[in-house]
Amino acid sequence: FELHGMGETYATLQADNCVGQNKNKTMMWYLAWRTITDQQHKIDIQYMLPGHTKFRPDSYFGIFKRQYRAQNCIDTLDDLVKCVRECGKEVTCVPQLCRDWSYYD
């Protein structure tokens with residue numbers, strides 16, 4: 001929230017049903033702490049229905065991971081963009097460059 005947030009006071013999070021990543025006590029306490037300390041006024045967390053946890057973008061990550069591992073090396077952002085574009089044999093992947101990196105200097 002601090003690095004990538006836009007000052008929003010209301011947040012809705014989408015999560016899968018993974019106990020280890022999204023439903024654990026640490027995550028719930030962190031979200032509760034953010035509301036108690038008025039960093040957010042309200043946080044909704046929404047989970048997929050049991051049996052409906054196959055999220056279409058997950059398959060794209062799997063395809064990208066195979067393509068990424070097949071590359072000899074990825075040293076620059078341009079190399080990464082090329083890797084994403086080459087995933088397009090199976091699916092259409094469009095790299096989105098969203099940040100001005102000077103923000104992190």
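These questions and answers walk through a predicted model of one protein chain.

Reader: What pattern of helices and strands does the chain follow along the sequence?
Author: Start with the counts. The chain has 3 helices and 2 strands. Read in sequence order, they give the pattern β-α-β-α-α.

Reader: Where in the chain is confidence lowest, and where is it highest?
Author: Take the whole chain as background. Its mean pLDDT is 78, and 74% of the residues reach 70 or more. Confidence is lowest in α2, at a mean of 79, and highest in α1, at 89.

Reader: Among contacts between residues at least 6 apart in sequence, how many join residues at least 24 apart?
Author: Contact here means heavy atoms within 4.5 Å. Of the contacts between residues at least 6 apart, the share joining residues at least 24 apart is 52%.

Reader: Which residues of helix α3 are buried, and within what arc do they fall?
Author: Helix α3 covers residues 77-86, and its buried residues are V81, C83 and V84. Seen down the axis of α3, they line one face, because they fall within an arc of 160 degrees.

Reader: Which residues are exposed on the other side of α3?
Author: Exposed means over 50% relative accessible area. On the other side of α3, the exposed residues are D78 and R85.

Reader: Is Q40 buried or exposed?
Author: Q40 lies in the loop between α1 (25-36) and β2 (42-47). The cut-off for buried is under 20% relative accessible area. Q40 has 2% relative accessibility, so it counts as buried.

Reader: Which side chain makes a polar contact with that of Q40, and at what distance?
Author: Leaving aside neighbours within four places in sequence, Q40 is in contact with F1, E8, T9, A11, R34 and T35. The Q40 side chain reaches the backbone oxygen of E8 at 3.2 Å. The side-chain partner in a polar contact is R34, at 2.7 Å.

Reader: What phi does D38 have?
Author: D38 is placed in the loop between α1 and β2. With 58% relative accessibility, D38 counts as exposed. D38 is not a glycine, yet its phi is positive, at about 60 degrees.

Reader: Why does the pair of F64 and Y68 count as tilted?
Author: The count of aromatic pairs comes to 2. In the pair of F64 and Y68, the ring centres are 5.9 Å apart and the planes are at 40 degrees, so the pair is tilted. Planes under 30 degrees apart would count as stacked and those over 60 as edge-to-face, so 40 degrees gives tilted.

Definitions and conventions
Residues numbered from 1 in each chain as written. Predicted model: local features only at pLDDT ≥ 70, side-chain atom pairs only at ≥ 80, totals over all residues. Heavy atoms only, no water. Buried < 20%, exposed > 50% of the residue type's maximum accessible area, 1.4 Å probe, protein only. Helix = DSSP H or I, 4+ residues; strand = E, 2+ residues; numbered from the N terminus. Arc of directions from axis to C-beta. Polar contact = N/O pair within 3.5 Å; in protein donor to acceptor, adjacent residues only side chain to side chain. Phe/Tyr/Trp six-rings, centres within 6.5 Å; stacked < 30°, edge-to-face > 60°. pLDDT = per-residue confidence, 0-100.
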